[in-house]
Amino acid sequence: GGFGTTQNTNAFTPTGGFGTTQNTNAFTPAGGFDPTIRFGQPSLLQAPSALNTPFFGPAFSATVEDKRWRDPAGYIFWQTKRHDCDFIVGKNSDIAENISALTCHLEAQSSVFKELLKDSKRRIRIGNVSPKIFRLLLTYIYGGKLRDLDQGTAAQLAVAADHFNIRPLVTKACKRIKLTGVEDVFPALWCVAYNIHRPELELRVTEIVQKETQAVLSSEQFLDLDAKCLEYIVSLKKLSVTDLELWQALVCWAKHKVNTEPNKTRRQHLQTVLQHVSLSTFSLEDIVKDVIPAEILTPEQELKLLTTSVNNQHLEFSDLFEEKTYTDPAEYIFGHTEHHDCDFVVGRNCDKAEQIGAVSCHLEAHSSVFRELLNGCTTTGRLVRVRNVSPEVFKLLLTYVYGGKLPDLDQGTAAQLAVAADYFKLPLLVSEACKRIKLTGVEDVFPALWCVAYNIHRPELELRVTKIVQEETQAVLSSKQFLDLDAKCLEYISRQETLSVSELELWRAIVWWGKHKAATSPDKTARQHVQSILQHVRLLTFSTEEIITEVIPTNILTLEEEMKLLNFGFFKEIWKCPGLCTLHEVRPLPNT
């Protein structure tokens, strides 16, 4: 049946680590409480009507898109009254900005944000990321469109997204990075070092770092890398510098970090890098002149290094790393009902309807139809009734709106989702659902028929559906799936210029369908179900015998309509019956 709703840097110049400070104290293994949570990350630059059809039913007028909020992120940025958390973003207090946001969106997209917002939602400190980058990150989280980004900004966004564990954004940002040579290797190096899988970048970055190591190590941008980037460099098996030259560059980097981040020692800055440095290859002279004076190793490690050097042994350092886990945003929001602020009753029949809670801001940001439906519902607590769509399909729609990943869909479900998305003005979801529909023959024409009947523009489906309906009409009309179509789909079939069945066979199929609908949906008569279809059925081509034996006994037409139809059959009187087809030419057969 149908579907109805009613309302009841330009340059990349990072300067070191990435830190976030929360108002609550975080426990540290060393003892006590440390209010600052820090992790490796580059610094990020501060840069300057409803359709009145049998399918939808009468509802509100939402035929004109609200052009002000085509982008969901723009809508949410504007809806500051809904913001329930705020961040102090920027490395230095004099350039930091207070940026408010929506907790639910952040927690749904990122396990890191979920942890940060667990105890406090006010004045959370995000260090060493510019407000510009943070807003780009919010734009993505809110479902908005990222504009053109230069390579430096793209790399900054990719690494920030990696830390906040927003994997899809990492991939999207990395696609903006184009690597041509050593002069622009550093943005790509950040991405590769953070295990962002882009083969075209990985191969080129590895080649440049290995063949032009000296140029990389001597660049001023080398000092702006973080420990993770250095781990990547020193972990490569072949470099075009000696181990001693590499060590000297690392010491230079550590001294620079101590000056810019004095809260850590040289050793602490290099801790994770040391496991990849082949210190055991150094001579005693190298150890005495370059290693011990650097004050990187502890006295015990220096002694052990001297001992292993004399005995020609290898010294190893190891660290444990905790792997982040990715949670689907939709799963998070479905599970955290405390964020839900509106409720829908979904399903045609009351006994099969299901009450589904949702987050209104997500829906309003993506759809002008939802904005109209939900107007005032979050404050009054009214239930919004969504008819003739299964709870399963509605939840799939919510999954998309919440930024989740759609599961594998059978073609019938994909078609239902496409039609629902089309009504709710979610064009990207329409395209995504239609891609799941594969039309090979008459046996699977019905999902595609739904899409075509509802004017979903997919040329590859339209031509094939039309051909099957016209040339294999009997197979379509005799299928059990034919009874599951709605009036709009039957309108599409009956208005074809050519069909490979007679008008009488078409009439019989429509009567069969109408009586089935009247039995399954007794709130309407068979005539009411077929009302919009009759304007395409050429009853005037029937003989008087067919009218008497095939039309009148069905009780589809009124008595007045039956008499006028008989008069036309007997006397060819002028036909004037509103709502019925006026064509009296026989529908031609297709040219097969």
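In which crossing, left-handed or right-handed, does α5 pass α7?

A: The model is a predicted one. In it, α5 passes α7 in a left-handed crossing. Two packed helices are described by the angle between their axes and the distance between the axes. Here helix α5 covers residues 151-163 and helix α7 covers residues 185-193, and their axes come within 9 Å and cross at roughly 15 degrees. Angles under 35 degrees count as roughly parallel, and α5 and α7 are therefore roughly parallel to each other.

The contact can be given residue by residue. From α5, Gln-151, Ala-155, Ala-158 and Val-159 take part, and they meet Pro-187, Trp-190 and Cys-191 of α7. By class, the residues of this contact of α5 with α7 comprise six nonpolar, one polar and no charged.

In helix α21, residues 427-434, the buried residues are Leu-429, Val-430, Ala-433 and Cys-434. Seen down the axis of α21, these buried residues fall within an arc of 130 degrees, so they line one face of the helix. The partners against which the buried residues of α21 pack are α19 (391-401), α20 (411-423) and α22 (445-453).

His-362 has a relative accessible area of 4% and is buried. Apart from neighbours within four places in sequence, His-362 is in contact with Cys-104, His-105, Ile-333, Val-401 and Tyr-402.

Terms used: Residues are numbered from 1 along each chain as its sequence is written. This is a predicted model: local features need pLDDT of at least 70, side-chain atom pairs count only at pLDDT 80 or more; totals for chains, interfaces and linings use all residues. Side-chain values use heavy atoms; hydrogens and water are left out. Axes are lines fitted to C-alpha atoms, for helices over the stretch in contact, and angles run from 0 to 180 degrees between N-to-C directions. Helices (H or I, at least four residues) and strands (E, at least two) are DSSP runs, numbered from the N terminus. Angles under 35 degrees count as roughly parallel, over 145 as roughly antiparallel, 65 to 115 as roughly perpendicular and the rest as oblique. A crossing is left-handed if the near helix is turned anticlockwise from the far one by less than a right angle, and right-handed if clockwise. Contact means heavy atoms within 4.5 Å. Ala, Val, Leu, Ile, Met, Phe, Trp, Tyr, Cys and Pro count as nonpolar, Asp, Glu, Lys and Arg as charged, and the others, Gly among them, as polar. Buried means under 20% relative accessible area, exposed over 50%, partly exposed in between (1.4 Å probe, protein chains only). The arc is that of the directions from the helix axis to the C-beta atoms.
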